[in-house]
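Work through the exercises below with the sequence and the model side by side. Each task is followed by a worked solution.

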Amino acid sequence: MSEIVKEAKSLGLEALFQALHRCPELGNQEHQTAAIIRRRLEELGVEYTPMLDTGTVAVIRGGQPGKTIGFRADIDALPIQEDTGLPYTSRTPGVMHACGHDFHVAALLGAAELLMRRRTELRGNVKLFFQPDEEGDGGAERMIAAGCLENPHVDAMLCCHTSSVIPTGTISVRSGPICAASNTFLVTLRGKGSHGAKPHLGTDVIVAGAQVVTALQTIVSRRTSPTDPVVVTVGSFHAGTAGNILPEEAVLCGTLRTMGGATRERVKEHFRSIVSGIAAGMGVEADISILDSYTGCRNDLAMTDLVRQAAGKVLGEQNVLELAEPSLGTDDFGYFSDTVPGCYYYVGVGNEEKGFTCPNHNPHFAVDPEALPLAAALHVQSVLDYLNGNDG
Ligand code: NI
């Protein structure tokens with residue numbers, strides 16, 4: 001076991017993680033979470049600046065001049081009622097850390113403690129971004145706009161995300177695209193209501209909506225390349241109040257996922273033409289709104305190699321797993337890695353023996369706390385390799 005891992009295990013990060021897990025807060029409302037983060041930074045003597053109200057930017061200035069590397073930990077939770085039965089379960093009804101952001105915060109604070117002990121030997125600086133609202137409208141873009149990547153200027157960025165599909169003691173990563181670009185859509189179909197027994201006197205938005213849902217499937221199967229990953233999901237379809245009434249309105253919402261670029265634009269065009277074409281053919285009106293959400297994440301080759309090598313030292317080379325494909329999930333870390341070279345990777349928190357196998361965004365999601373010191377140690381090793389070369 002590497003010396004840094006031994007040191008990380010003695011930090012007692014589990015208590016900090018449990019405290020964060022008990023008080024999950026939704027995006028832009030992370031006041032208690034920010035207070036825990038800032039209190040810990042003060043205890044460690046790390047300088048920091050509040051940003052976007054609940055966000056925090058901390059700087060560890062090395063004893064010698066050099067480059068600056070940044071780490072992002074998202075801090076928000078999800079509107080889910082926790083059902084894990086864990087002793088440190090959420091104390092806030094209907095809100096839960098179901099994506100492991102509590103883990104990200106605890107691991108980064110652990111890394112801060114270990115890096116403060118090594119401050120004089122660091123050749124350069126480390127910036128720690130505790131970012132609000134990853135699950136909502138996105139805090140990353142707003143933090144960058146507020147200047148978080150300057151003073152000192154950040155040269156490269158890293159970010160880990162929990163994954164319960166790989167075991168504790170492993171990471172998974174790939175260079176190039178790793179997360180999808182996301183668009184959300186809202187379609188409102190308007191027709192003429194009528195008695196359910198006299199449909200010819202109205203225009204049926206439910207039949208039109210059903211055709212729209214079916215036809216949208218052809219974007220993936222017939223309009224984009226089979227080797228270019230695309231998802232079209234209609235996640236909600238609401239219409240009507242009773243079995244014998246044709247309603248006047250149907251509302252469909254969902255998400256489009258692509259690897260960005262030209263495909264993203266083409267998918268939006270196909271979407272509009274299918275919905276408006278079917279609506280016209282069925283005699284109903286369609287209001288179509290497609291909003292750009294996150295841009296997707298692309299991993300820089302050199303930064304991905306840095307993570308692979310650091311993880312090889314901390315976890316063993318056989319525990320550095322290569323992802324064959326990108327995820328169609330999304331993350332606003334892409335705004336950081338679009339601005340400076342970056343790498344986003346998954347840290348294993350799955351443990352079959354302990355029953356930590358449930359995927360994220362689920363009321364039963366739980367991370368294996370034994371992965372905390374490993375993630376903290378990997379942050380530290382990555383800093384040493386990036387700033388000081390391989391002598392860390
Ligand atoms: Ni997440």
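**Exercise 1.** Which side chain meets that of D332 in a salt bridge?

Solution. Begin with the ground rules. This is a predicted model, in which local features need pLDDT of at least 70, side-chain atom pairs count only at pLDDT 80 or more, and totals for chains, interfaces and linings use all residues. Residues are numbered from 1 along each chain as its sequence is written, and side-chain values use heavy atoms, with hydrogens and water left out.

Step 1: apply the criterion, a side-chain nitrogen of Lys or Arg within 4 Å of a carboxyl oxygen of Asp or Glu. The partner of D332 is R72, at 3.0 Å from N to O.

Step 2: Helices (H or I, at least four residues) and strands (E, at least two) are DSSP runs, numbered from the N terminus.

**Exercise 2.** Are R72 and D332 buried or exposed?

Step 1: compare the values. R72 counts as buried because its relative accessibility is 3%. D332 is buried as well, at 0%.

Step 2: look for a further partner of R72. D74 forms a salt bridge with R72, with 3.4 Å between the closest N and O atoms, and D74 is buried at 0% relative accessibility.

**Exercise 3.** Describe the salt bridge between E249 and R190.

Solution. Step 1: take the distance; the closest N and O atoms are 3.4 Å apart.

Step 1: assign the elements. Because E249 lies in strand β12 (residues 249-258) and R190 in strand β8 (residues 181-190), the pair ties together parts that are 59 residues apart in sequence.

Step 2: E249 is partly exposed at 37% relative accessibility, and R190 is partly exposed at 35%.

**Exercise 4.** How many salt bridges does the structure hold, and which residues do shared partners join into one network?

Solution. The count is 20 salt bridges. The network consists of E7, R40, E43, E113, R117 and R118.

**Exercise 5.** How many disulfides does a search of the whole structure find?

Solution. Step 1: with a disulfide taken as a pair of cysteine sulfur atoms within 2.5 Å, the search returns zero.

Step 1: check C23. The nearest cysteine sulfur, that of C99, is 17 Å away.

Step 2: C23 is buried at 9%, whereas C253 is partly exposed at 27%.

Definitions and conventions:
Buried < 20%, exposed > 50% of the residue type's maximum accessible area, 1.4 Å probe, protein only.
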